[in-house]
Amino acid sequence: MNKRQYLTPTEKLAILVKQDWRCSCGCGRPIWPVHRIEWEHTLPIGLGGPSKPDAAMLYLCHKIKTKGDKRRIAKAKRMRNKFLGIVTRKKKPIPSRPFSTCLRKKMNGEVVAR
Ligand SMILES: [Zn+2]
């Protein structure tokens, strides 16, 4: 996995000019400097993408895209671990109702000492 790196102001401006100051998700909404701009990895780092962001998106569009990316990254990790035979920690079993081990319950419901 690549190490995350950040864009310089010049690179940010170059990306915005390249996108014609529009959101890269395809919604076509303009990006103004007053908007909350998110710098986006078109191919996520977790799936082998570049270390630096390569697109600009509006906050809400990026939130939706990232939600889908997280799922795909988690699935890729699960598939990789299964392929490599790495067993992840299993969940603890659900504990049963507390019942003293020195007592025994008969079929008719009567509780007797062992
Ligand atoms: Zn958008």
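Is Cys61 buried or exposed? Cys61 is buried, at 9% relative accessibility; buried means under 20% relative accessible area, exposed over 50%, and partly exposed in between (1.4 Å probe, protein chains only). The model is predicted: local features need pLDDT of at least 70, side-chain atom pairs count only at pLDDT 80 or more, and totals for chains, interfaces and linings use all residues. Residues are numbered from 1 along each chain as its sequence is written, and side-chain values use heavy atoms, with hydrogens and water left out.

Cys61 (SG) coordinates the zinc ion together with Cys23 (SG), Cys25 (SG) and Cys27 (SG), at 2.2 to 2.3 Å. Donors are N, O and S atoms within 2.8 Å of the metal (3.2 Å for Na, K and Ca); water is not among the atoms, so sites may look incomplete. Along the chain, the donors of the zinc ion follow the spacing C-x1-C-x1-C-x33-C. The site is tetrahedral, with angles of 102 to 115° among its four donor atoms; four donors count as tetrahedral if all angles lie between 85 and 135 degrees. Cys23 is buried at 7%. Cys25 is partly exposed at 38%, and Cys27 is partly exposed at 36%. The structure holds zero disulfides, a disulfide being a pair of cysteine sulfur atoms within 2.5 Å.

Five salt bridges are present, each a side-chain nitrogen of Lys or Arg within 4 Å of a carboxyl oxygen of Asp or Glu. One of them joins Glu11 to Lys52, with the closest N and O atoms 3.1 Å apart. Glu11 lies in helix H1 and Lys52 in the loop between strand E1 (37-40) and strand E2 (55-58), so the pair ties together parts that are 41 residues apart in sequence. Helices (H or I, at least four residues) and strands (E, at least two) are DSSP runs, numbered from the N terminus. Glu11 is partly exposed at 29%, as is Lys52 at 26%.

Glu38 pairs with Arg36 in another salt bridge, the closest N and O atoms being 3.5 Å apart. Glu38 is buried at 18%, whereas Arg36 is exposed at 54%.

In the salt bridge between Arg72 and Asp69, the closest N and O atoms are 2.5 Å apart. Both residues lie in helix H2 (residues 59-84), three residues apart, about one turn of the helix. Asp69 is buried at 7%; Arg72 is partly exposed at 44%.

Conventions. Tetrahedral: all angles 85-135°; square planar, octahedral: opposite > 155°, others 65-115°.
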